[in-house]
Amino acid sequence: MTATPEAPTSPALIAPGSDCTAAFRAAYENRYTWEPGFGGYKGRAVWEQPGAAGAPDQRAEGTFVVGADLKATVEGIADEAIHKAVASQLWEVAIHRVRRSFEQTHGANTFTAGDTDAVGTEVIVGGKNTGDRYRIKDDVVTMVHRHIHGTVVTIFTESTTDTGSGYLSRSYTSQYSDPASGEAKGGTSRFTDTFVPLADVGPWVLSERVVETDAFGDTPAGRQVFRFEALEPLA
């Protein structure tokens, strides 16, 4: 089931300039993560991309394993770029399911409330990760603005999937930019993720990701579909 965040509920109103650590912690701890002891899973991976300028559509299929160590192994896809793309999606999803305490991730940071708009209340980060910003709404992190390896990534979450044990982002956009100038590095990407509980009981894993990227410079707009089927927990 999906849910789109509405008005903030805890707290209902955060005064600009106030400490908003408790509110940000609530949103952080509301994210869905895998239980300790995650054992890994496997399945079939399918990649599809519409053909450009009348060319035939492209498709590749293989198998994959995500181990208990969160490493993704993909087999049966010969094209190196497609192989890397499929493995990257599996790794990116898995690494965000790791359960780390708020103190482990943000213990060296401070959090101050900024303005509140339709996206949510701004969370201004100080301390170790000074320069990063978030927005929160209804115990959901609705915007992420982080400095990563000399690049800024800005993500807006538009809807979520409620697992009953936390939320997963369902539809969201991602944009990379230059930290000094703010100029975009590539087109905006729009993601639509579908998660399912493995073996109908969990953990929740990705079954489909659709990535649509806007044209940028000489790079045309693109659309890729990643499907993960016949999902089974590792024995």
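The accessible surface of the chain comes to about 12500 Å² (Shrake-Rupley method, 1.4 Å probe), and 53% of that surface belongs to carbon and sulfur atoms. The model is predicted, with local features needing pLDDT of at least 70 and side-chain atom pairs counting only at pLDDT 80 or more, while totals for chains, interfaces and linings use all residues. Residues are numbered from 1 along each chain as its sequence is written, and side-chain values use heavy atoms, with hydrogens and water left out.

The chain holds 3 helices and 13 strands, taken as DSSP runs (helices H or I of at least four residues, strands E of at least two) and numbered from the N terminus. Its radius of gyration is 19 Å, close to the 18 Å that the globule rule gives for 235 residues, so the chain is as compact as a globular protein of that length; the radius is taken over C-alpha atoms, and the rule is 2.2 Å times the number of residues to the power 0.38.

A search of the whole structure finds 10 aromatic pairs, that is, rings of Phe, Tyr and Trp (its six-membered ring) with centres within 6.5 Å, stacked if the planes are under 30 degrees apart, edge-to-face if over 60 and tilted for the rest. Among them, Trp34 and Phe38 have ring centres 3.9 Å apart and planes at 5°, so this pair is stacked. The rings of Tyr41 and Phe64, with centres 5.6 Å apart and planes at 80°, form an edge-to-face pair, which links strand S2 (residues 41-49) to strand S3 (residues 58-66) across 23 residues. Ring pairs also join Phe24, Tyr28, Phe102, Phe111 and Tyr134 into a cluster.
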